[in-house]
Amino acid sequence: MADPPGCCHPCATCLLCLYSCQWITAKKEKRKGLRTTKCDCSWFLFLFCVFLFTLVWLYFAIILLNDFHNFNEFIFKQSKLWLDWSLVLLIATAMLITYSAVLLVLALCLQLCGQPLKLHWLHKTLLILTALVVAAAFTGLGIKWAEEWRSARISLQATGPFLHIGIVGGMTLLAWPLASFIYRTRITGLKVFLLLVYCVVMIALYLAPLGITSPCIMEENQLPPKPALVGHRGAPMLAPENTLMSLQKAVDCDVQIFETDVMVSADGVPFLMHDEELTRTTNVQAVFPERAALNSTTFNWTDLQQLDAGSWFLERRPFPTVQSLSAGDRHQATKQRIPSLEQALEAAKQSSISIMFDLRPENHSDYQSFVNATLEVILQSGIPLQQVLWLPDGFREQVKQQAPGIQQVYGRKRLQNEKEPLMHVNLPYQDMSSEEIRQYRQNNISVNLYVVNQPWLFSVLWCSGVTSVTTNACQVLKEIKHPIWLLPSSTYLMIWIVVDCASFLAILWAFLLLKKCSQRRRPAESETDVLLTKINSLMQE
């Protein structure tokens with residue numbers, strides 16, 4: 001095969017060396033008569049599929065970042081080892097996508113230069129391993145973290161229009177090597193098959209926006225108010241979670257509700273703590289090593305007050321933001337202790353911030369006494385009851401009778417035959433569609449979704465009309481004054497038409513230009529073939 005204009009022999013030789021792991025010059029390759037076989041084509045197809053597979057996993061990895069702190073906590077509970085596994089995930093994914101992308105680019109360049117696609121066995125082995133690693137990652141995701149599939153569906157509402165443009169652009173660029181291959185090969189059936197598949201894919205992509213929906217495709221005047229912020233355990237990116245410092249940082253972020261978790265000590269004092277064990281967020285292993293694995297409710301209040309609830313935050317750095325804390329904040333963090341519910345209510349009352357909490361553990365044999373102790377503290381605190389939002393389902397009717405002013409928040413959707421209408425619901429963001437959020441909003445039902453950390457997710461929920469979101473990143477969401485993007489439907493329609501037309505014209509130009517180049521090469525190739533035939537005949541005589 002002759003090299004097309006602009007493809008020099010040194011470049012072709014370099015591409016062959018990288019792709020085939022053999023130093024074969026382009027001229028020597030011709031003398032050896034190397035050609036791309038059906039097996040080589042199969043390996044190229046496999047390479048292309050692995051690249052797409054890895055690219056999809058990269059998309060999922062980026063989506064997972066919103067919820068990865070939960071995964072870090074899960075790993076800590078199992079192994080007692082704290083590490084920001086999101087960095088490991090991103091580095092590994094970047095290595096896999098870079099490797100497969102480089103190989104794919106090499107293969108496409110070799111095809112444009114008219115060189116054989118002889119993939120080395122080492123690359124073949126690494127590609128198979130890449131496919132297995134990504135398949136294992138998807139399998140693990142489906143088994144242990146199935147709700148992230150719903151997160152991916154929500155993410156398409158934020159990225160769908162832009163993914164469409166990117167995929168159309170990528171498939172348009174693919175027209176060049178495809179046209180080059182079609183004009184070189186002499187197998188008619190293969191030509192027809194490749195053209196048919198390519199045309200079907202492009203037509204599907206051109207019509208894809210018919211199935212793309214996003215709440216952010218709306219007019220500017222239809223945009224709902226910005227959702228209120230609920231501080232998940234306060235402001236855990238700026239201070240140790242469930243501490244008074246975290247509550248104050250949340251107030252500084254204009255958070256309207258401080259979300260926390262309450263447990264009750266062995267001597268009946270309600271205090272703030274999320275985990276049933278104290279190992280993650282205190283120095284209990286140093287102070288009470290023999291009791292470190294016990295449930296936090298087995299400790300009395302005097303013991304709990306001896307624990308340091310802030311130094312772990314500086315040592316383990318649960319979020320990257322810890323590195324940017326000022327010297328004053330670092331010193332303040334080391335002074336934090338486990339706060340009682342009474343202290344938290346007093347701080348909330350002074351800051352005019354509401355407090356929403358869950359009472360743990362709900363399966364405790366003495367749970368009713370936990371409810372009674374918590375209610376007693378609330379009623380004695382003097383905080384306006386409308387500032388208290390009650391999440392626990394256990395003994396809810398008793399709470400309504402003893403403290404009717406407390407706002408009842410439900411962790412479920414409303415039922416069809418609901419006797420008492422729900423006023424507040426608190427659900428994972430994956431559990432409600434945009435249509436349900438709009439319907440609840442029309443029925444004056446307050447919807448809070450958790451945990452929302454990424455601006456893209458906050459923007460989608462904002463466009464959907466959610467009332468509030470629970471977040472770890474209040475300092476980030478506070479600065480968002482407008483959804484990341486908002487497009488009127490007429491503007492999106494215009495973008496769709498322009499992109500499709502530009503893509504069609506670019507593909508048409510690629511095929512026509514390469515056809516013209518192919519026709520120019522044919523006479524020279526014919527003369528060369530005749531000359532080689534004559535030389536061969538003379539040598540035989």
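Ala, Val, Leu, Ile, Met, Phe, Trp, Tyr, Cys and Pro are counted here as nonpolar, Asp, Glu, Lys and Arg as charged, and the others, Gly among them, as polar. The structure is a predicted model, in which local features need pLDDT of at least 70 and side-chain atom pairs count only at pLDDT 80 or more, while totals for chains, interfaces and linings use all residues. Residues are numbered from 1 along each chain as its sequence is written, and side-chain values use heavy atoms, with hydrogens and water left out.

The classes given above apply to the cavities. A cavity is a set of points, on a 1 Å grid over the protein atoms alone, where a 1.4 Å probe fits but cannot get out; its lining residues have an atom within 4 Å of a point. Grid points are joined across faces, edges and corners, and a volume is the space filled by probe spheres set on the points. The whole structure holds 5 cavities of 30 Å³ or more. The largest cavity has a volume of about 60 Å³. Its lining consists of Glu 241, Asn 242, Thr 243, Leu 272, Met 273, Thr 281, Ala 309, Trp 312, Ile 338 and Pro 339. By class, this lining of the largest cavity comprises 6 nonpolar, 3 polar and 1 charged residues.

The second largest cavity has a volume of about 50 Å³. Among the residues that line the second largest cavity are Arg 153, Gln 157, Tyr 429, Ile 437 and Val 460. Helices and strands are DSSP runs numbered from the N terminus, helices being H or I of at least four residues and strands E of at least two. Helices α7 (147-173), α18 (434-442) and α19 each contribute at least two residues to the lining of the second largest cavity. That lining has 6 nonpolar, 4 polar and 1 charged residues. Domain bounds come from an automatic or database domain assignment. Because domain 2 (148-214 + 487-520) and domain 3 (228-271 + 316-478) both give residues to its lining, the second largest cavity lies between them.

A disulfide is a pair of cysteine sulfur atoms within 2.5 Å, and the whole structure contains 1 disulfide. The partners are Cys 216 and Cys 463, with sulfur atoms 2.3 Å apart. The pair joins distant parts of the chain, 247 residues apart: Cys 216 is in the loop between α9 (188-207) and β1 (228-232), and Cys 463 is in helix α19 (residues 455-464). The torsion about the S-S bond of Cys 216 and Cys 463 is about 100°, so the disulfide is right-handed.

Cys 216 is buried at 2% relative accessibility, and Cys 463 is buried at 1%. Cys 253 is in no disulfide, although the nearest cysteine sulfur, that of Cys 474, is 3.0 Å away. Cys 253 is buried, with a relative accessible area of 5%.

Annotations from UniProt, which may be inferred rather than shown by experiment, are given in the numbering used here with shortened feature names. An unreviewed UniProt entry places "domain: GP-PDE" at residues 227-481. Over residues 227-481 the chain is 34% helix and 16% strand, and the end C-alpha atoms are 11 Å apart. The unreviewed entry also places the feature "transmembrane region" at several segments, including residues 41-65 and 192-212. Over residues 41-65 the chain is 96% helix and 0% strand, with end C-alpha atoms 37 Å apart.

Several backbone details complete the picture. Most residues other than glycine have a negative phi, and most peptide bonds are trans. A cis peptide bond joins Arg 360 and Pro 361, with omega about -15°, and Pro 361 lies in the loop between β4 and α16. His 364 is found in the loop between β4 (354-359) and α16 (367-381) and is partly exposed, with a relative accessible area of 28%. The peptide bond from Tyr 450 to Val 451 is also cis, with omega near -20°. Ser 352 has a positive phi, near 55°, and is exposed at a relative accessible area of 62%.

Technical notes:
Buried < 20%, exposed > 50% of the residue type's maximum accessible area, 1.4 Å probe, protein only. 1 Å grid on protein atoms, 1.4 Å probe; cavity = no way out; pocket = protein on both sides within 12 Å on 5 of 7 lines; lining within 4 Å.
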